[in-house]
Amino acid sequence: MSAPLLEVDDVEVAYGDAVALPGLSVAVAEGETLALVGANGAGKSTLLRTVCGLLRPRRGAVRLDGDDVTALPAHARVARGIAMSPEGRRLFPSLSVEENLLVGGYARRRGPWDLAAVYELFPLVAERRSRPAANLSGGEQQAVAIGRALMANPRLLLLDEVSLGLAPVVVAQLYAALPRITGQGTTVLVVEQDVHQAMAVADRVQCLLEGRTVLEGPAERIDRTALAAAYFGVAR
Ligand SMILES: Nc1ncnc2c1ncn2[C@@H]1O[C@H](COP(=O)(O)OP(=O)(O)OP(=O)(O)O)[C@@H](O)[C@H]1O
């Protein structure tokens, strides 16, 4: 079998003395959508930051398509095909929507995503292209953040907490765009506290608790009661 597109191999990641990931492994096959779920503090965002190069593991490796990228800075990983829509969106508030998108394309690879394609994916974003990003609603800002990541034409798209602070109907609209993204062959690693949403969009689900995997399996076969117990760390 070929190597997974993303292979996180036994990474230990700490903030000072506080170990957030004591030795976590995650693999995502090319074309697959994996959802990482888990309660607050489980280590989901830490894992994404480690994959995109904002955090360095003390031990272990991050590999993309078999290449060790552990030592590469974040911008070099974008050029290799890893792009993230971060928790809290992190747009440049005073820049226009279009300028935010263009920033995402700074180290773009060749591929299907450009301004026109993002505007087609999110028509509301197109209508607001000249407005400062700060003037958009939370859902619109989230769409811009996803669009900004797509502008890099990633092989691996990292989505951190798309649902954060948004009404369920808005979350559903955003996730409705996902099949058109994965339809381009993009591999997706999504972090989501909304387990139902995660299970609806993912091929596979991996549940973390205190930096460790407590349950994983195909989304359609995973037992919801077992997942709820794993999520909250309830021994059964
Ligand atoms: N900048 C930081 N400095 C110190 N500790 C941190 C920092 N960021 C996260 N942590 C700690 O690392 C652990 C994992 O946090 P992380 O944010 O990765 O969890 P999470 O699963 O993404 O949760 P959330 O949904 O709250 O973001 C927690 O114990 C958290 O307190």
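**Ground rules.** I number residues from 1 along each chain as its sequence is written. Because the model is predicted, I note that local features need pLDDT of at least 70, side-chain atom pairs count only at pLDDT 80 or more, and totals for chains, interfaces and linings use all residues.

**Entry 1, the four-stranded sheet.** I looked up the strand order and found an open sheet of four strands, β2-β1-β4-β5, with antiparallel pairing. Helices (H or I, at least four residues) and strands (E, at least two) are DSSP runs, numbered from the N terminus. Two strands pair if DSSP finds at least two bridges between them. At the edges stand β2 and β5 (67–68), each with a single partner strand, so one side of each has no neighbour in the sheet. I then checked β1 (residues 6–15) against β4 (residues 59–64): five bridges join them, and they run antiparallel. Leu6 has Leu64 in β4 as its bridge partner.

**Entry 2, the six-stranded sheet.** Six strands form another open sheet, in the order β6-β7-β8-β3-β9-β10, and here the pairing is mixed. The edge strands β6 (82–85) and β10 (212–218) each pair on one side only. From one strand to the next, the twist averages 15 degrees. Four bridges join β6 to β7 (residues 156–160), and these two run parallel. Met84 has Leu158 in β7 as its bridge partner.

Which strands does α1 lie across? I found it across β1, β2 and β4, at about 115 degrees to β1. I also found α1 across β3 (33–37), β6, β7, β8 (187–191) and β9 (204–209), at about 150 degrees to β7. Axes are lines fitted to C-alpha atoms, for helices over the stretch in contact, and angles run from 0 to 180 degrees between N-to-C directions. Contact between two residues means C-beta atoms, placed from the backbone, within 7 Å.

The residues around the ligand include Tyr15, Lys44, Ser45, Thr46 and Gln193. A residue is near a molecule if its C-beta atom, placed from the backbone, lies within 6 Å of it. α1 gives the most to this shell, three residues.

I located Tyr175 in helix α7 (residues 168–176). Leaving aside neighbours within four places in sequence, Tyr175 is in contact with Val162, Gln197 and Val201.
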